[in-house]
Amino acid sequence: MLAGSVLLLTISTATTAQADWISTLVRYERNLTAANTMAVGGAVSQDQSSRRGFDFSFLTRRVKGKKSLSRIREPLDENDLMFAEQHVGMNMSSELRAVERPAMLELRKYATIASGDNLVKILNKQGLARSDVNAINSAVNGVFDLTKLMPGWPMSFNLDASVEPGAPGRLISLHFEPSETITVSVERTTEGFAAHRDETVYIEELMVASGTIRDNFWKDASAMGLPGSIIANAIETHRCTTDFSKDIQIGDRFTVLFDARLTEEGKIVDSPKIHYVSVDTRGGKREVFRFEQKNSTGYFDRDAKQSCATSFSLMKAPLARPYRMSSPFNPRRKHPITGKVRPHRGVDYAAAKGTKIFAAGDGFVRAKRTHSGGYGKHVIVKHNGIYQTLYAHMSRFPKNLRVGSRVKKGQVIGYVGTTGSSTGNHLHYEIKKYGKQIDPVKSKLPRGQKLAGSARKSFLIVRDNTLNMMDDAKPVVAPKG
Ligand SMILES: [Zn+2]
């Protein structure tokens, strides 16, 4: 019924216990069209003639590059071979006994290297023949220093599922990954065992991505070939000064200078270091330069002032533009008609309903409440042992904001409204220092560190070097097509 080049398995009888793992069999469909697929569900028999002279090297599924073991468990595609994955708690020999001619089947097993293990021990646990164990061990030793095996690493084995119960196991292949980039594998060949070491080689290169906003920063930078991790980190360096979703408009320019890790094919994988990010907007050019100090690394503007990303600071007006101050901080404010003292212990910023309200600094949501009078819908953020801020009269809260959740400076924590005792859309903003309200506008608030003295001098050298590096950097060019 099928040509000689076709491999056919027919499974016609199965025990209940088998049915489970047989269902995990995947047919090898080399030269088979979809129409020729066989039914699964019984004892295995096969077309002997087609088996003869068949190249079984495909039995081993080589995994190259960065794939992790968990990926190997993904369903095999149509070009893959049938194999059975051993079910936990099942005895492989007894399960396979009833299967007629399962020589085609591979049993995949996983082990985790334990403390005190060596490869011989691990292989012995798989029940392999002693001579094979020694041969595999020396093959691996040729490509990988076995003293470097680390506890916790997973190792996978493909075993010949056709061995008789009680007979030594027969390894078809094994593989493990000493690092994200290295894969070691062993395959049974006609001349014994062959070990391979596949290394994904990354190239490091100084690169500069610069472009014009056509859509938004994320999309445009992605289209150039920057991975999400770099884009996210670039945005982070500007977190307090620029809202990338709002402040940046079509036609604005951006530049990101970074150390790129690339695949051999030139695909940018990530960046261990972003040196510089600038956005050139109608509101002016905003730049940050990376500066490494003994105990911290941060981003600073041209004038050596640190961006908020790495130090605590508070905003005087924690809301999106446009807004205007409608009522200042005034602890002795008198009611215009009654003349009674009605202290105003915060600042009011009038803004349109729905205007974004930001956390004024890094901290935790201490309270999220709704008062029918007074503050209305309001949020309290505790920043540290000294500062706490309050945001009142909100129209609503963002969906995911919860009491206890960590917030970053600039993160949206609510929207302007006029809930509670309020006569119009505005944000009532209070800062408490050691439990007492202070004037958010006139008080000296914690600001990002500004470098001084020798630190400043070092920074200015780094800054100028960074600007010079721009000329040596390889431009990121958008992939064609
Ligand atoms: Zn107020």
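Biologist: Through how many residues does a hairpin join β18 to β19?

Modeller: Strands of a sheet pair through backbone hydrogen bonds, either parallel or antiparallel. Here the hairpin joins β18 to β19 through four residues. β18 and β19 (residues 387–396) pair in the antiparallel sense over five bridges, and Lys377 has Met394 in β19 as its bridge partner. Helices (H or I, at least four residues) and strands (E, at least two) are DSSP runs, numbered from the N terminus; two strands pair if DSSP finds at least two bridges between them. This is a predicted model, in which local features need pLDDT of at least 70, side-chain atom pairs count only at pLDDT 80 or more, and totals for chains, interfaces and linings use all residues. Residues are numbered from 1 along each chain as its sequence is written, and side-chain values use heavy atoms, with hydrogens and water left out.

Biologist: How many residues lie between β17 and β18 in their hairpin?

Modeller: Six residues lie between β17 and β18, and Gly374 in that turn has a positive phi of about 55 degrees. The antiparallel strands β17 (residues 363–370) and β18 (residues 377–382) are joined by six bridges. Arg369 stands opposite His378 in β18.

Biologist: Which way do the residues of β15 point, and are they buried or exposed?

Modeller: Val347 and Tyr349 point one way from β15 (residues 347–350), Asp348 and Ala350 the other way, and all are buried. Buried means under 20% relative accessible area, exposed over 50%, partly exposed in between (1.4 Å probe, protein chains only). β15 runs antiparallel to β14 (residues 324–327), with three bridges, and Ser327 stands opposite Asp348. β15 also runs antiparallel to β22 (residues 426–433), with four bridges; there Tyr349 stands opposite Leu427.

Biologist: In what order do the six strands of the open sheet lie?

Modeller: The order is β13-β12-β11-β10-β9-β24, with mixed pairing. β13 (297–300) and β24 (474–475) are the edge strands, each pairing on one side only. β9 (residues 203–212) pairs with β24 in the parallel sense over two bridges, and Met207 has Lys474 in β24 as its bridge partner. α7 packs on this sheet, touching β9 and β10 (253–262), and its direction makes about 45 degrees with that of β10. α8 packs on the sheet too, touching β10, β11 (268–281), β12 (284–292) and β13, at about 40 degrees to the direction of β11. Contact means heavy atoms within 4.5 Å.

Biologist: At what angle do the axes of α7 and α8 cross?

Modeller: Two packed helices are described by the angle between their axes and the distance between the axes. Axes are lines fitted to C-alpha atoms, for helices over the stretch in contact, and angles run from 0 to 180 degrees between N-to-C directions. The axes of α7 (residues 217–224) and α8 (residues 228–237) come within 10 Å and cross at roughly 140 degrees. α7 and α8 are therefore oblique to each other: angles under 35 degrees count as roughly parallel, over 145 as roughly antiparallel, 65 to 115 as roughly perpendicular and the rest as oblique. Phe217, Trp218, Ala221 and Ser222 in α7 meet Gly228, Ile231, Ala232, Ala234 and Ile235 in α8.

Biologist: Where is Phe144, and is Phe144 buried or exposed?

Modeller: Phe144 is in the loop between α6 (130–141) and β5 (154–160). Phe144 is buried, with a relative accessible area of 9%. Beyond its neighbours within four places in sequence, Phe144 contacts Leu149, Trp153, Phe176, Pro178, Val184 and Arg197.
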